[in-house]
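Here are my notes on the model, as numbered points. Please read them with the structure open.

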Amino acid sequence: VGYAEAEARVRAARAFVVESFAAAEAEVAGGGLLSDRANHLTRLATTWATSAAAESVEWAYRESGTESLRNPSVIGRCFRDMNAATQHVMVGRKTLTDAAAELLPAG
């Protein structure tokens, strides 16, 4: 069950990234500027994908038991790398609040 959830989580996040980046690319294809909304959606998709990947790697890390602690451990390395990625300013929590402010109707 955990593997299926991780698979679905990552695939859904990937679909969001592909959709939002394709829309942003189409928006600027004719030489136009990227709208604030498209910018916030691509940042939100990136943040969500990073979070989904980190949650999925955390699941694999927990399920692997002590194997993930041994050197060299592919799962241990993925766990460390994904947790480092979650600390990047590009995918920080501010991305979520900025996107919410853009997506919520004014008023």
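1. A term to begin with: buried means under 20% relative accessible area, exposed means over 50%, and partly exposed lies in between (1.4 Å probe, protein chains only). The model is predicted: local features need pLDDT of at least 70, side-chain atom pairs count only at pLDDT 80 or more, and totals for chains, interfaces and linings use all residues. Residues are numbered from 1 along each chain as its sequence is written, and side-chain values use heavy atoms, with hydrogens and water left out.

2. Overall fold. The protein chain has 4 helices and 0 strands. The radius of gyration is 17 Å, well over the 13 Å of the globule rule for 107 residues, so the chain is more spread out than a compact globule. That radius is taken over C-alpha atoms, and the rule is 2.2 Å times the number of residues to the power 0.38. Helices here are DSSP runs (H or I, at least four residues), and strands are E runs of at least two, numbered from the N terminus.

3. Buried residues make up 24% of the 107 residues in the protein chain. Of the contacts with a separation of 6 or more, 66% join residues 24 or more positions apart. Contact means heavy atoms within 4.5 Å.

4. H40. This residue sits in helix α2 (residues 36-63). H40 is buried, at 18% relative accessibility. Leaving aside neighbours within four places in sequence, H40 contacts D98, A99 and E102.

5. The whole structure holds 6 salt bridges, each a side-chain nitrogen of Lys or Arg within 4 Å of a carboxyl oxygen of Asp or Glu. One of them joins E7 and R11, with the closest N and O atoms 2.6 Å apart. E7 and R11 are 4 residues apart in helix α1 (residues 2-28), about one helical turn. E7 is partly exposed at 30%, whereas R11 is exposed at 58%. Another joins D81 and R77 at 3.1 Å, N to O. D81 and R77 are also 4 residues apart, in helix α3 (residues 74-85). D81 is partly exposed at 37%, and R77 is partly exposed at 47%.

6. What distance separates R9 and E55, N to O? The answer is 3.2 Å, in a salt bridge between their side chains. R9 lies in helix α1 and E55 in helix α2, so the pair ties together parts 46 residues apart in sequence. R9 is partly exposed at 26%, and E55 is partly exposed at 40%.
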